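Subject: Structure handover

Hello,

Here is the structure for you to look at. My notes on it follow below.

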Amino acid sequence: MEDDLPNGPDLRLLFDESSRTLSASLAPDPRFPRVDALWLRKRLAAAGYEDLQIRPEPIKQLIARYNAGEAVAPIEIAHCVDASLQITISLDGLSARLTLIPAKGGAAATKAEVLAQIQAKGIVEGMLVDEVIRAVAAGKADDLLIARGREPEPGEDGRLECLLPEMRERAPSIRPCGRTDYRDLGEIQVVRTGDPLMRRHPPTRGTDGLSVLGRIILPRPGRDVRFAAGLRGVAPSADDPDLLVAATDGQPLQVRGGIMVEPVYTVDAANMATGNINFDGTVRVRNDVQAGMTIRATGDIEIGGTVEPATLEAGGNIVVRGGVMGGLGGKTAGKDYSAHAVRCDGSFSATYAQQARIVAGDSIFIDDLAMQCQLEAKNHVRIGNYRRGHIIGGLTRACLSIHARVIGAPNRIRTEIEIGNDPALAQAVQQKAEERDARENKLLEIGKLLTVADRNPGKFAPDIVTRAEEAAAAMSAEIEILRGEEEDLRYRLELTQQARLDAENAVFEGCVVSMGEQSLRIPQDRGPTTVRLAGTGLGVFALEDNPNAEPPQRPAGLDTTRRGR
């Protein structure tokens, strides 16, 4: 009967204790003309040899010869393999890992063997004994962490701490559009000789680490920072070289790498009696500036009263407590003052401005009214704080944002607004990228020389190699600075695409808003309004607090045209 048939042909297995190998032989059986690998594996498992390391090629030969009708003489098809282990230490010496390959019919790894290997590797720090015990019990491990060293703690970088509150800075405040608050630039701060200004905190060394081999790992020390060279009006304290003190009376200004103190020139008024003023420092005028006068200062200019049509030029900020009367409206008292203007590299602040030309390298802040003015700011224009906050007529231009309470007038006077247009910025990005590329090409050439020198000792004189290494280090530092400057410019360029006009209360018909080639005319009086780039052009929306808010649909009836090149 079929139930009496054996499970295949007569398979004879012989295990050799000395060589720890398993041999198999097969005699032809007409009842079972063919066998396969699955049948053979089942027979090996039934005989208790499933854990041995199988030899694929001899098994293929055995099956092929039997299926061809041949008797198969004893052939070695499997053997015993003991467990193996490998311990690796990371390149930084902070970790050791265990790989344990389980036995195949042979002896399993023991805890004593693993610990002996660990000792042989010299691992003495941070042992994870429990992990080793678990791996031995499981009989296998794959890149298991068994020792962990102590990482070194890097030192803190040195820093410069300003000891004066509310310091003015000679750097533009580039902030995302729509997020600018009114800034009252305040009065000029004055320090006296010997006043402490800034403290230098040296870098720290850091904390040593310890490798799994018990070796000390030195930390990365903090980067040092020094007071910049050539800071005017300051000096290190005689008792403490890390303390910067005022060497003269004047206005303190925070600059890159320290503080400088500018002398302050003070007059009661600027008129024919005082003459024009050209001063290397900060100028303070307690009262008014008479028409036709010129004041130039490398620092700030502060006017306590009103500025009649005059020229003010400052390397820092300009603060006018009263207002600025310009000459754009024609002749005043029979004289043409249209060429006069107010220019500063920092920010401008005044109570009001009328028919004035004002250019700021940072931002413009006018509290009450800007009427028939030409205002141009690199970053923001903000009209209105405690007072009316009106822009009426003229041209107002800013790269990032323009914010006022009311823009235009009920009598539909033409009021031009330009946002986000800075053609020089894209060119500056390109120039900075080209400058960085040129430095990188030079660094590449130096690198080639150093590679040749490294592979061919003695080919170059030691002083040539030293100079090349120094040049490479200096070039790398320059490239990092250029890359940072390029990223800052690109960030600013991105911000100009988010430029916006905000009218808190109203914008009147007669206003024309432009951004690059896009131009939009406000066709009717509106309440609180935002104008910004949306979709294919400029759009007018209800006043938005969030510049990234989902843009609503552009209202019908807007006159949107492309400006001619």
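Which residues are buried in α2? They are Pro-58, Ile-59, Leu-62, Ile-63, Tyr-66 and Asn-67, where buried means under 20% relative accessible area, exposed over 50% and partly exposed in between, with a 1.4 Å probe and protein chains only. They lie on the same side of α2 because they cover an arc of only 160° around the axis, the arc being that of the directions from the helix axis to the C-beta atoms.

Before the rest, the basis of these notes. This is a predicted model, in which local features need pLDDT of at least 70 and side-chain atom pairs count only at pLDDT 80 or more, while totals for chains, interfaces and linings use all residues. Residues are numbered from 1 along each chain as its sequence is written, and side-chain values use heavy atoms, with hydrogens and water left out.

Confidence
The mean pLDDT of the protein is 85, and 90% of its residues reach 70 or more; pLDDT is the predictor's confidence in each residue, from 0 to 100. Helices (H or I, at least four residues) and strands (E, at least two) are DSSP runs, numbered from the N terminus. Over residues 546–565 pLDDT stays under 50, and the model has 46 contacts for them beyond four places in sequence; contact means heavy atoms within 4.5 Å. Where pLDDT is low, the predicted coordinates should not be read in detail.

Helix α2 covers residues 56–67, 12 residues in number, and reaches 17 Å from its first C-alpha to its last, close to the expected 16 Å. That expected span is 1.5 Å times one less than the number of residues. The buried residues of α2 pack against β2 (21–26), α1 (37–46), β3 (53–54) and β4 (72–79). Just after α2, Gly-69 has a positive phi of about 90°.

In helix α4 (residues 129–138), the buried residues are Val-132, Ala-135 and Val-136. Their arc around the axis is only 100°, which puts them on the same side of α4. Asp-130, Ala-137 and Ala-138 are exposed on the other side. The cover over the buried residues of α4 includes β6 (95–101), α3 (111–121) and β7 (141–148).

Aromatic pairs
The structure holds two aromatic pairs. Rings of Phe, Tyr and Trp (its six-membered ring) pair if their centres lie within 6.5 Å; planes under 30 degrees apart count as stacked, over 60 as edge-to-face and the rest as tilted. Phe-15 and Tyr-49 are stacked, at 6.2 Å centre to centre with 20° between the planes. Phe-15 is in strand β1 (residues 11–16) and Tyr-49 in the loop between α1 and β3, 34 residues apart. Phe-15 has a relative accessible area of 22%, so it is partly exposed.

The rings of Tyr-265 and Phe-279 have centres 5.4 Å apart and planes at 35°, so this pair is tilted. Tyr-265 belongs to strand β18 (residues 264–267) and Phe-279 to strand β19 (residues 277–279), 14 residues apart.

A buried threonine
Thr-351 lies in strand β29 (residues 348–354) and counts as buried because its relative accessibility is 13%. A polar atom of the Thr-351 side chain lies 2.7 Å from the backbone oxygen of Arg-321.

Regards

Notes:
A polar contact is a pair of N or O atoms within 3.5 Å; within protein, one must be able to donate a hydrogen and the other to accept it, and residues adjacent in sequence count only if both atoms are side-chain atoms.
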